[in-house]
Amino acid sequence: RTYAAPGGMTGGFNHYRTLLEDGRQCRELAQRQLQMPVLVLVGEQSGIGDKLIQGVQQVANNVQHDQIKNSGHWLAEEQPEAFTEKLVSFFASAS
């Protein structure tokens, strides 16, 4: 129903429409290291944990990472309590 409404697909199409420009901006910004603490949370079953952590370590100086057990890609939906606990702990230690 939402997608069938006039303009309902605009946001989704615009996401793909901007990918090349997003990539250009990301490559430009990645030339400077992020100085703030960065948290990488990955799901135990996501299959991308190591690659994601390594990618973030290329653009940030202070990377902390952790894994959420019994979770795949959708951490907040699959393990909301564990996800929230990790975020609260990270933000408490960064302040």
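How far apart are arginine 24 and glutamate 28 in helix H2? They sit four residues apart, which puts about one helical turn between them. Helices here are DSSP runs of H or I, at least four residues, and strands are runs of E, at least two, numbered from the N terminus.

A word on the source. This is a predicted model: local features need pLDDT of at least 70, side-chain atom pairs count only at pLDDT 80 or more, and totals for chains, interfaces and linings use all residues. Residues are numbered from 1 along each chain as its sequence is written, and side-chain values use heavy atoms, without hydrogens and water.

Now the salt bridges. The rule: a side-chain nitrogen of Lys or Arg within 4 Å of a carboxyl oxygen of Asp or Glu. The count is three.

Start in helix H2, residues 19–29. Arginine 24 bridges to glutamate 28, with the closest N and O atoms 3.0 Å apart. Arginine 24 also pairs with glutamate 21, at 2.6 Å. So Glu21, Arg24 and Glu28 form a linked network.

How open are they? Glutamate 28 is partly exposed at 43% relative accessibility. Arginine 24 has 39%, and glutamate 21 has 36%. Partly exposed lies between buried, under 20% relative accessible area, and exposed, over 50% (1.4 Å probe, protein chains only).

Next, lysine 86 and aspartate 66. Their side chains meet in a salt bridge, 2.8 Å from N to O. This pair links distant parts of the chain, 20 residues apart: lysine 86 is in helix H5 (residues 80–94), aspartate 66 in strand S2 (residues 63–68). Lysine 86 is partly exposed at 23%. Aspartate 66 is too, at 32%.
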